[in-house]
Amino acid sequence: MLRIGVQAFAAGVLLWNAWRLGHVPPFWPFAALLVVEAMMLLWNLSQRPKEIHRGWWAWAASVGIVVFPVVVAFWVHGPVHESLWRFGLSYSLQLLALLLEVWALTALRLCFSQLAEAHCVVRSGPYRYVRHPLYLAYCIGMFGSCIGVNRPVLWGLWLLFVGMEVLRARAEEEVLAGVFPTYRVYQTETGMWFPRWRGGGERC
């Protein structure tokens, strides 16, 4: 029941954030992706993971990431006045993150989850090169936002955000390695965040 509550709440926050971004035409692609992620999370509720990480810190990191957009909206109020070069750099990084997210989500499909769960081992798409491309994309996108807004409080929140993503990644690796023996081999073939350029294989 708790798993369902967290996943449903995460989907709700994604839709709320999509609604906020939907008021700004340049960010419509980002809003559309948030809607897709929310739908994927709701679809995930019908799936039965083989295992869920039981550590409190893993759950805390997952829930923390869920409420993060709300915290950012509370601390960083608009309107934001950006110089042209800063907006261009910020938007470019966020667009890069968007493309990486789409690539990762296309590979994940039914394995996409807010919590650290063991559904399957994905080794296609960007997962051929790094084990956590989706979390990396989130961090890049948040970094782009920090450049655009350029407020000390947001940079501090970005550091907290990265820390929670690292915890989520470690929790995910623990539960996957515990269920799928092949995952430990996969760990030796790929980088956690940056490519080793010698990974490979298909989705299993």
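A: **Helix packing and the core**

Leu 2 is exposed, with a relative accessible area of 57%, because exposed means over 50%. This residue sits in helix α1. The model is a predicted one. Leu 2 and Val 122 are 120 residues apart along the chain, and their C-alpha atoms are separated by 25 Å.

Now go inside. The largest nonpolar core has 58 residues. Those with the most contacts inside it are Phe 112, Tyr 127, Leu 134, Met 142 and Leu 154. At least two residues of this core come from each of α1 (2-21), α2, α3 (56-75), α4, α5 (133-149), α6 and α7. Helix α6 gives the largest share, 10 residues.

Leaving out residues up to four places away in sequence, Met 142 touches Phe 68, Val 72, Leu 154, Leu 157, Trp 158 and Phe 161. Leu 154 is another of the core residues with the most contacts.

Next, the pair α3 and α6. Their axes come within 9 Å and cross at roughly 155 degrees. An angle over 145 degrees counts as roughly antiparallel, and α3 and α6 are therefore roughly antiparallel to each other. The crossing of α3 past α6 is left-handed. Their contact holds 17 nonpolar, 2 polar and 4 charged residues.

Helix α6 also contains Ala 169. Its relative accessible area is 0%, so Ala 169 is buried. Which residues does Ala 169 touch, not counting residues up to four places away in sequence? They are His 132, Tyr 135, Met 192 and Trp 193. Ala 116 is 53 residues from Ala 169 in sequence, yet the two are 8.0 Å apart in space, C-alpha to C-alpha.

Follow α6 on to α7. Helix α6 (residues 152-179) and helix α7 (residues 182-189) pack at an angle of about 130 degrees, and their axes are 6 Å apart. That angle makes α6 oblique to α7. On the α6 side, the contact uses Glu 173, Leu 176 and Ala 177. On the α7 side, Tyr 183, Arg 184 and Gln 187 take part. By class, the residues of this contact are 3 nonpolar, 1 polar and 2 charged.

Now turn to α2 and α4. Helix α2 (residues 28-44) packs on helix α4 (residues 84-108) at an angle of about 30 degrees, with the axes 11 Å apart. Angles under 35 degrees count as roughly parallel, and α2 and α4 are therefore roughly parallel to each other. Helix α2 passes α4 in a left-handed crossing. Pro 29, Phe 30, Leu 33, Glu 37 and Met 40 are the α2 residues in this contact. In α4 they meet Tyr 91, Gln 94, Leu 95, Leu 98, Glu 101, Val 102 and Leu 105. The contact of α2 with α4 divides into 9 nonpolar, 1 polar and 2 charged residues.

The C-alpha atoms of Leu 105 and Pro 133 are separated by 9.5 Å, and the residues lie 28 apart along the chain. Pro 133 belongs to helix α5. At 1% relative accessibility, Pro 133 counts as buried. Beyond residues up to four places away in sequence, Pro 133 touches Leu 100, Ala 104, Pro 126 and Tyr 127. Tyr 127 is also among the core residues with the most contacts.

Arg 109 lies in the loop between α4 and β2 (117-118). Its phi is near 50 degrees, a positive value in a residue other than glycine. Arg 109 counts as exposed, at 51% relative accessibility. Asn 150 lies in the loop between α5 and α6. Asn 150 is not a glycine either, but has a positive phi of about 55 degrees. With a relative accessible area of 44%, Asn 150 is partly exposed.

Conventions
Residues numbered from 1 in each chain as written. Predicted model: local features only at pLDDT ≥ 70, side-chain atom pairs only at ≥ 80, totals over all residues. Heavy atoms only, no water. Axes fitted to C-alpha atoms, helices over the stretch in contact; angles between N-to-C directions. Helix = DSSP H or I, 4+ residues; strand = E, 2+ residues; numbered from the N terminus. Parallel < 35°, antiparallel > 145°, perpendicular 65-115°, else oblique. Contact = heavy atoms within 4.5 Å. Nonpolar A, V, L, I, M, F, W, Y, C, P; charged D, E, K, R; others polar. Left-handed = near helix turned anticlockwise from the far one by under 90°. Core = buried A, V, L, I, M, F, W, Y, C linked by side-chain atoms within 4.5 Å. Buried < 20%, exposed > 50% of the residue type's maximum accessible area, 1.4 Å probe, protein only.
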